[in-house]
Amino acid sequence: MERNTKQNIILTGFMGSGKTSVGICLSYRLRKILLDTDKEIERRQGKTVSDIFAQDGEEAFRRMETEYIKELLNATESRIVSTGGGMPVREENRTLLKKLGTVIYLEASPETVYERLKEDTTRPLLQNGDAEKKITGLLAKRQDFYKSGADMIIRTDDKSIDEIAEEIMAGLK
Ligand code: S3P
């Protein structure tokens, strides 16, 4: 059977770019189920992303991400998929995500990300050190991957979740 996977909406972007909040909003408005790759991996592993990084290492987590996206390609129902911020860094994932659906990159400036995450303790890549510097460096390294892996790019700085969702829906028409 031909699978209608292009109906999926995939949200990508750096940590703190609003993927989860925008995903929840789109899920209500479009009446589609929201899947969150981090949450699904945590559920399956029975531990948090931080514990996976600490105990199994980042590479193991990256393999879990790729495996999960491959599984989603076999699903028939169309969904909204909110991805972990590192997902598009692997070339294989960028290809898989585009196959899976319309990839929407939620672009946020380092300043916005820092403001949103300065008190956060759940992102292993931003702990132990100058978070602001880490955000700026990682975002600069990843920017091209996010952009080349996307079908649509939405700037999110100074916009409400509703405004971002509206923009996405208008772009999908
Ligand atoms: C990561 C982002 C996180 C999570 C993990 C690694 C990254 O997801 O997957 O901590 O490499 O940017 P969020 O973007 O949902 O915070």
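**View 1. R142 and the ligand in the predicted model.** This close-up comes from a predicted model. The side chain of R142 places an N or O atom 2.7 Å from an oxygen atom of the ligand. The protein covers 95% of the accessible area that the ligand has on its own, which is 390 Å².

**View 2. D38 and K19 at the ligand.** In the side chain of D38, an N or O atom is 2.7 Å from an oxygen atom of the ligand. K19 also takes part: one of its polar side-chain atoms lies 2.4 Å from a ligand oxygen atom.

**View 3. The residues around the ligand.** The ligand has 14 residues around it. Those that come nearest are K19, D38, R62, R123 and R142.

**View 4. Helix 3 against helix 4.** Helix 3 spans residues 49-56, and helix 4 spans residues 58-72. Their axes come within 7 Å. They cross at roughly 125 degrees. Helix 3 is therefore oblique to helix 4.

**View 5. Side by side: the residues where helix 3 meets helix 4.** Helix 3 contributes V49, I52, F53 and D56 to the contact. Helix 4 contributes E58, A60, F61, R62 and M64. By class, six residues of this contact are nonpolar and three are charged. No polar residues take part. R62 belongs to the helix 4 side of this contact, and R62 is also among the residues that come nearest to the ligand.

Definitions and conventions:
Residues are numbered from 1 along each chain as its sequence is written. This is a predicted model: local features need pLDDT of at least 70, side-chain atom pairs count only at pLDDT 80 or more; totals for chains, interfaces and linings use all residues. Side-chain values use heavy atoms; hydrogens and water are left out. Axes are lines fitted to C-alpha atoms, for helices over the stretch in contact, and angles run from 0 to 180 degrees between N-to-C directions. Helices (H or I, at least four residues) and strands (E, at least two) are DSSP runs, numbered from the N terminus. Angles under 35 degrees count as roughly parallel, over 145 as roughly antiparallel, 65 to 115 as roughly perpendicular and the rest as oblique. Contact means heavy atoms within 4.5 Å. Ala, Val, Leu, Ile, Met, Phe, Trp, Tyr, Cys and Pro count as nonpolar, Asp, Glu, Lys and Arg as charged, and the others, Gly among them, as polar. A residue is near a molecule or strand if one of its heavy atoms lies within 4 Å of it. A polar contact is a pair of N or O atoms within 3.5 Å; within protein, one must be able to donate a hydrogen and the other to accept it, and residues adjacent in sequence count only if both atoms are side-chain atoms. Accessible areas come from the Shrake-Rupley method with a 1.4 Å probe; for residues, only the protein chains shown count as cover.
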